[in-house]
Amino acid sequence: MRFDILTLFPDMFKGPFDESIIRRGQDKGLIQIGLHQIRDYALDRHHTVDDSPYGGGAGMLMKPEPLAASIEGARRFNPEATVLLTTPQGKPLKQGLAQELSLKSGLLIICGRYEGVDERIREQYVDMEISVGDYVLSGGELAAMVIVDTVTRLIPGVLGSDESAITDSFSDSLLEYPQYTRPPVFKGLKVPEVLLSGNHAEIARWRREQALIRTAENRPDLLKQANVTDKELLFLRSTGVFDV
Ligand code: ADE
């Protein structure tokens, strides 16, 4: 999978892309990342990339010409790439969408800045607008990092056999169950007995119950899309805390 990222701040990506899973994905040749400075495509003397909106209003917009030239320049590395624009107005990034994106041959991500981009860029080039959450970032760079990270860990071979994207939170619409490692007692707090029992069926049942409880507590909206049996709903009601 090739990622091409169009940004006014390529240096922001240096740390995050040089460490951990994204670094490993690149080292294994499973992902390639191209960073493109949009300003390099601005042809005027001052390398202008923004301008005020027609009709007035606060803030500046990203001008269409440098953006269009940078998209066309970056697309040469992967003509099949799906073009994404990061914006709080976009489709919410969920695990399902990340899975869909991980099947593409390449992603070209335009990092929005200022008050947004000229609408004609969306019309002409953008396949999908993506939001990483209902809050406003100072620019799309952090959103692009989130997209690259979530998609990369879904590419076969990137995660080791001891790391799994399948048991991750959200992969079955439930949050993850609590996890413990040594020591068995820490600051007077014990690891639940069942996890030390060696009884795998009991452990699986406990983990499922804990995942259900956590999801009901923190994200009751997810329970609607999860595969929860009537028996499990009865269990959740029996815990008394939740109105599900
Ligand atoms: N740019 C600014 N805020 C954003 C958000 N929440 N998601 C994606 N891009 C953004």
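Contact here means heavy atoms within 4.5 Å. The views show a predicted model, in which local features need pLDDT of at least 70, side-chain atom pairs count only at pLDDT 80 or more, and totals for chains, interfaces and linings use all residues. Residues are numbered from 1 along each chain as its sequence is written, and side-chain values use heavy atoms, with hydrogens and water left out.

View A. Strands (E, at least two residues) and helices (H or I, at least four) are DSSP runs numbered from the N terminus. Apart from neighbours within four places in sequence, Gln-37 is in contact with Thr-7, Leu-8 and Pro-10. A polar atom of the Gln-37 side chain lies 3.3 Å from the backbone oxygen of Leu-8.

**View B. Crossing of helix α4 (residues 95-102) and helix α6 (residues 141-152).** The two axes, lines fitted to C-alpha atoms over the stretch in contact, come within 9 Å and cross at roughly 75 degrees. Angles run from 0 to 180 degrees between N-to-C directions, and 65 to 115 counts as roughly perpendicular; α4 and α6 are therefore roughly perpendicular to each other. Ala-98, Leu-101 and Ser-102 of α4 meet Ile-147, Thr-150 and Val-151 of α6.

View C. A nitrogen atom of the ligand is 3.0 Å from a polar backbone atom of Gly-133, and a ligand nitrogen is 2.9 Å from a polar backbone atom of Leu-137.

Notes:
Angles under 35 degrees count as roughly parallel, over 145 as roughly antiparallel, 65 to 115 as roughly perpendicular and the rest as oblique. A polar contact is a pair of N or O atoms within 3.5 Å; within protein, one must be able to donate a hydrogen and the other to accept it, and residues adjacent in sequence count only if both atoms are side-chain atoms.
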